[in-house]
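The sequence and the structure come first, and the description follows.

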Amino acid sequence: MGASNRRFLNLSVPLIALALVAGACTGTSDTGDDTAAPATTAAAAAAPETTAPPDEGGPKYGGTLRVALVADTHTLDPAISVSAVTTAVTQHTYDNLLMIQPDLTMKPELATSWEANDDLTSYTFYLREGVTFHNGKDFSAEDVVFTFDRLLDPELDSPLRAILNIITDIVVLDDFTVRFDLDGPNGYFPSYLQKSEARILPANLDLAELVLGAVGTGPFILDEHLPGERITMVRNPNYWEEGKPYVDEIVFLNIPEPAGRVAALLAGDVDLIQHGMAPLSVPEINANPNTHVLVLEGWGWLGLAMDNARPPFDNKLLRQAFQAATDRELVNQVALLGLGAPGYDHPIGTSNAVFAPECAPPPYDPELARSLLAEAGYPDGIDIDLHTADITTGAMDIAVAFKESAEPAGIRVNVVVNPSAGFWDTVWQNETLTIDAWRGADPDQALSEQFHSASPYNAPHYVNTYMDGLIEKAKGQDLAGQKASYAEVQCILIEDVPAIVAAFRPELIAVQNYVNGVSPHPLSWPLFQDAWLDLDN
């Protein structure tokens, strides 16, 4: 195929140019034809606060970065785990083909560049040469095929399979070139490859190693995993990115209680808190002369999942009553200290180019909620258990905020606090009403994973085949078409209320003042390979 009919992208260009802020990866065509190009954003997110190194001196090598995490995990297999611990560990022991950075640029990792055909049904990736896995295997195209064949295996049931099932073939063109053929136009496809499940595994891997171990090409090598206590990884001396990483090791410490994590930071026992960083702790941490908090408006959301397949939430009127009983401002203030942004019961934020302002849930109205409750068959109100756990920023506080806002409507909430470990496996999707929380994603990924009928991670068990069709249709549309399709999807979700999307969460990282080179990530990715410690000052 000649250059005249190809779309080519170098992955080092800013993310805004790739349209990933709105959710798409798109290139420029030298024919001037961009009719198939996906949506671009109206405005990029603000640049994140960062602990970048000072101009007068470069990063320093050495030391141990001690990171507090909320809980341990049952597996380190990146393909099947959505836990914060697995994400943090695999982010540093593996590489993806490409990775979105905090400043919204797309960094080439194991792919150096890619190109798509004119109708966005086929993508060719050019791979990095000279890369070695931690087990000594040389990286090549066979490892990409092995990784994605496994992700597509229905028996494995990876959460990423719901959006990767558009792949019809993976073709090895040579040792360092691989082509993905899709079942239809999809301008979002490259953005799927930066997901945590898509870490590249070696084709010769003993899969049993993935339970407690990790064998990737990443900047750190897993050294020790003591379940329930700590995970230690050491610097990879053969990492492909010259000069990286800077610290000698990272130690992830299991500190399950929010107050315990903050106390450990203030006492100097840990250097950094990311996941499970409560906004209510921000003033205390900033008041300490040795610590501070970095803040970025995030794309991840916080809310309630209602099981639409079982009573009582198979009743749409009841779900609408819960919607009217949700005081979103109270949720933002109580759970997020006012640092978040309002949610509208769908995962598309107001800064996104395809956000539909014409669709909105009703304002907080306890009387409307009481009326809907009576119409739903609950004239005397309803008693309900709301299951939560300390699994992410604001997850505990939103339960309290919803309980308070729902009480005047006759919704009597009993907050059930579950252990953090195992919440996603044993509580979420099993109880009829739970806290729900998602990392940020483009509209296609968010809707495909969270609300599409075929997704195994559709927590509300919501089925709407008409809406499924709109989600599929939007993949290959131009911006105008996507706006129309996604507007209809947003209106459907607001009307049907399969879930309450109450607020978009801020991204917070609390650090010791000597920690440099880290910043919050709009998609919650923990990127510490650039971290360095200035212990002399």
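## Aromatic pairs

The aromatic pairs in this predicted model number 17, where rings of Phe, Tyr and Trp (its six-membered ring) pair if their centres lie within 6.5 Å, and planes under 30 degrees apart count as stacked, over 60 as edge-to-face and the rest as tilted. Two of the pairs are set out here.

| Pair | Centre to centre | Between the planes | Kind |
|---|---|---|---|
| Phe180 and Phe189 | 5.3 Å | 55° | tilted |
| Trp428 and Trp438 | 6.0 Å | 65° | edge-to-face |

The second pair links distant parts of the chain: Trp428 is in the loop between helix 12 (423-427) and strand 18 (433-438), while Trp438 is in strand 18, ten residues apart. Helices (H or I, at least four residues) and strands (E, at least two) are DSSP runs, numbered from the N terminus. Both Trp428 and Trp438 are buried. Buried means under 20% relative accessible area, exposed over 50%, and partly exposed in between (1.4 Å probe, protein chains only). Phe180 is buried, at a relative accessible area of 0%, and Phe189 is buried at 0%. Ring pairs also join Phe180 and Phe189 to a cluster with Trp114, Tyr123, Phe125, Phe148 and Tyr192.

## Basis and overall make-up

Because the model is predicted, local features need pLDDT of at least 70 and side-chain atom pairs count only at pLDDT 80 or more, while totals for chains, interfaces and linings use all residues. Residues are numbered from 1 along each chain as its sequence is written, and side-chain values use heavy atoms, with hydrogens and water left out.

The protein chain has 15 helices and 21 strands. Of its 537 residues, 62% are buried. Among contacts (heavy atoms within 4.5 Å) with a separation of 6 or more, 72% are between residues 24 or more positions apart.

## The cores and helix 3

A nonpolar core is a set of buried Ala, Val, Leu, Ile, Met, Phe, Trp, Tyr and Cys residues joined through side-chain atoms within 4.5 Å. The largest such core has 59 residues, and Leu97, Phe125, Phe148, Phe180 and Phe189 have the most contacts inside it. Helix 3 gives the largest share of this core, five residues. Apart from this core lies another, of 49 residues, among them Phe322, Ala341, Leu372 and Ala389.

Which residues does Phe148 contact, leaving aside its neighbours within four places in sequence? They are Leu97, Leu164, Ile170, Phe180, Leu193, Ala198 and Ile200.

Helix 3 is mostly covered, with eight of its eleven residues buried. The buried residues include Val144, Val145, Phe148 and Leu151, and also Asp143 and Arg150. The buried residues of helix 3 pack against strand 7 (122-127), helix 4 (161-164), strand 8 (167-174) and strand 9 (177-182).

Thr147 is also in helix 3 (residues 141-151). Thr147 counts as buried because its relative accessibility is 2%. Not counting residues up to four places away in sequence, Thr147 touches Arg199, Ile200 and Leu201. A polar atom of the Thr147 side chain lies 2.8 Å from the backbone nitrogen of Leu201. Thr147 and Ala203 are 56 residues apart in sequence, and their C-alpha atoms are 7.5 Å apart in space.

## Helix 14

Where do the buried residues of helix 14 lie around its axis? Met467, Asp468, Leu470, Ile471 and Ala474 are the buried residues of helix 14 (residues 465-474). They cover an arc of only 160° around the axis, so they are on the same side of helix 14. The arc is that of the directions from the helix axis to the C-beta atoms. On the other side of helix 14, Thr465 and Lys473 are exposed. The buried residues pack against helix 13 (443-450) and helix 15. At the start of helix 14, a side-chain oxygen of Asn464 reaches to within 3.2 Å of the backbone nitrogen of Tyr466.

## The disulfide

The structure holds one disulfide, that is, a pair of cysteine sulfur atoms within 2.5 Å. The disulfide is formed by Cys359 and Cys491, with their sulfur atoms 1.6 Å apart. Cys359 lies in the loop between strand 15 (341-342) and helix 10 (366-375) and Cys491 in helix 15 (residues 479-496), so the pair ties together parts that are 132 residues apart in sequence. Cys359 counts as buried, at 5% relative accessibility, whereas Cys491 counts as partly exposed, at 33%.

Technical notes
A polar contact is a pair of N or O atoms within 3.5 Å; within protein, one must be able to donate a hydrogen and the other to accept it, and residues adjacent in sequence count only if both atoms are side-chain atoms.
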